Amino acid sequence: MLVLATIITVFLKCFAYSAPSNNFEVTRGCLQYNTDHGYKHAHPYYPISRFQHLNVTNDDVKIFRMGVLGPNDGHLRLAPTMFPYDKTEMNEIVLSGWANTKTVVRHYTRNSPQEQVSKIVLREQSSIGMLSYFKPFMFTVAIHPGGQVELTRDEDSKPFLQYRDPKVSADYLGFCNWDRPLVFFYDCPLEVDQRACDGIVFSK
């Protein structure tokens, strides 16, 4: 009976799936944070454990889906506390900064909303044109025990960004912009993978 129920669930997902008719349908069910406050603002931090759509695997990998809408510099901050201003070690992922040309991951110690010290670059790679005002950039974040972090774009099977930091925290998530307004979508329903439907033949 359990196997039959699983098969029926897969069939229903496949029948229900259709390509979005517009670019914003991929944000359905997400929470939203808008910001034009800049890099040094005291942005809020959200507890990841309270995300409705958080998936924690048997291997204790925390997986959640989110997105960014805007032309450049989508900053994600992974912190161990809601107020990371007391010599707090944390990670910052800059998605397609520097005029939408490159992505950088940093580890630093934050002393206030305006001050970070002991900055270390963990990863730097090209991402020319990755972000846009016209289409949300949606992806899944997976944080593994031991500090492996992977970001995988919707509909892709391999991460577009991965790095390792043994001190990374999966407790709180924050966002900020740089010089242009941004919209962040978070706690999104996990993507229905259309590839799971490939090869399934439905009899007429």
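In what sense do strand E2 and E12 pair, and over how many bridges? Strand E2 (residues 45–47) and E12 pair in the antiparallel sense, over three bridges. The model is a predicted one, in which local features need pLDDT of at least 70 and side-chain atom pairs count only at pLDDT 80 or more, while totals for chains, interfaces and linings use all residues. Residues are numbered from 1 along each chain as its sequence is written, and side-chain values use heavy atoms, with hydrogens and water left out.

View 1. Strands (E, at least two residues) and helices (H or I, at least four) are DSSP runs numbered from the N terminus, and two strands pair if DSSP finds at least two bridges between them. Strand E12 covers residues 172–176. E5 and E12 run antiparallel and are joined by five bridges; leucine 78 has leucine 173 in E12 as its bridge partner. Four of the five residues of E12 are buried, and the strand is thus described as mostly covered. Buried means under 20% relative accessible area, exposed over 50%, and partly exposed in between (1.4 Å probe, protein chains only).

**View 2. The largest nonpolar core.** A nonpolar core is a set of buried Ala, Val, Leu, Ile, Met, Phe, Trp, Tyr and Cys residues joined through side-chain atoms within 4.5 Å. The largest such core has 30 residues, of which Met66, Leu76, Leu95, Phe139, Leu151, Leu173 and Phe175 touch the most other members. At least two residues each come from E4, E5, E6, strand E9 (137–143), E10, E11, E12 and strand E13 (182–188). E9 gives the most to this core, with four residues. In soluble globular proteins, nonpolar side chains tend to be buried together.

View 3. On a 1 Å grid over the protein atoms alone, a cavity is a set of points where a 1.4 Å probe fits but cannot get out, and lining residues have an atom within 4 Å of a point. Grid points are joined across faces, edges and corners, and a volume is the space filled by probe spheres set on the points. One cavity of 30 Å³ or more is counted by this rule, and the largest cavity has a volume of about 30 Å³. Phe64, Met66, Leu76, Leu78, Ile93, Val141, Leu151 and Leu173 line the largest cavity. E4 and strand E5 (74–79) each supply at least two residues of this lining. By class, the lining has eight nonpolar residues, no polar and no charged ones; Ala, Val, Leu, Ile, Met, Phe, Trp, Tyr, Cys and Pro count as nonpolar, Asp, Glu, Lys and Arg as charged, and the others, Gly among them, as polar.

**View 4. Strand E7 between E6 and E8.** E6 and E7 run antiparallel and are joined by seven bridges, and isoleucine 93 stands opposite valine 105 in E7. Nine bridges join E7 to strand E8 (residues 115–126), again in antiparallel fashion. The bridge partner of valine 104 in E8 is glutamate 124. Two residues lie between E7 and E8, which form a hairpin. E7 is mostly covered, with nine of its 11 residues buried.

**View 5. The salt-bridge network around glutamate 92.** A salt bridge is a side-chain nitrogen of Lys or Arg within 4 Å of a carboxyl oxygen of Asp or Glu. Arg77, Glu92, Arg106 and Arg110 are linked in a network of such bridges. The side chains of arginine 106 and glutamate 92 meet at 2.6 Å, N to O. This pair links distant parts of the chain, arginine 106 lying in strand E7 (residues 102–112) and glutamate 92 in strand E6 (residues 88–96), 14 residues apart. Glutamate 92 also meets arginine 110 in a salt bridge, at 3.9 Å, N to O; these two residues are 18 apart in the chain. Glutamate 92 is buried because its relative accessible area is 0%. Arginine 106 is buried at 11%, and arginine 110 at 0%.

**View 6. The salt bridge between aspartate 154 and arginine 65.** The structure holds seven salt bridges. In one of them, the side chains of aspartate 154 and arginine 65 meet at 2.8 Å, N to O. Aspartate 154 belongs to the loop between strand E10 (148–153) and strand E11 (161–164), whereas arginine 65 belongs to strand E4 (residues 62–69), and the two are 89 residues apart. Both residues, aspartate 154 and arginine 65, are buried.

How values were computed: 1 Å grid on protein atoms, 1.4 Å probe; cavity = no way out; pocket = protein on both sides within 12 Å on 5 of 7 lines; lining within 4 Å.
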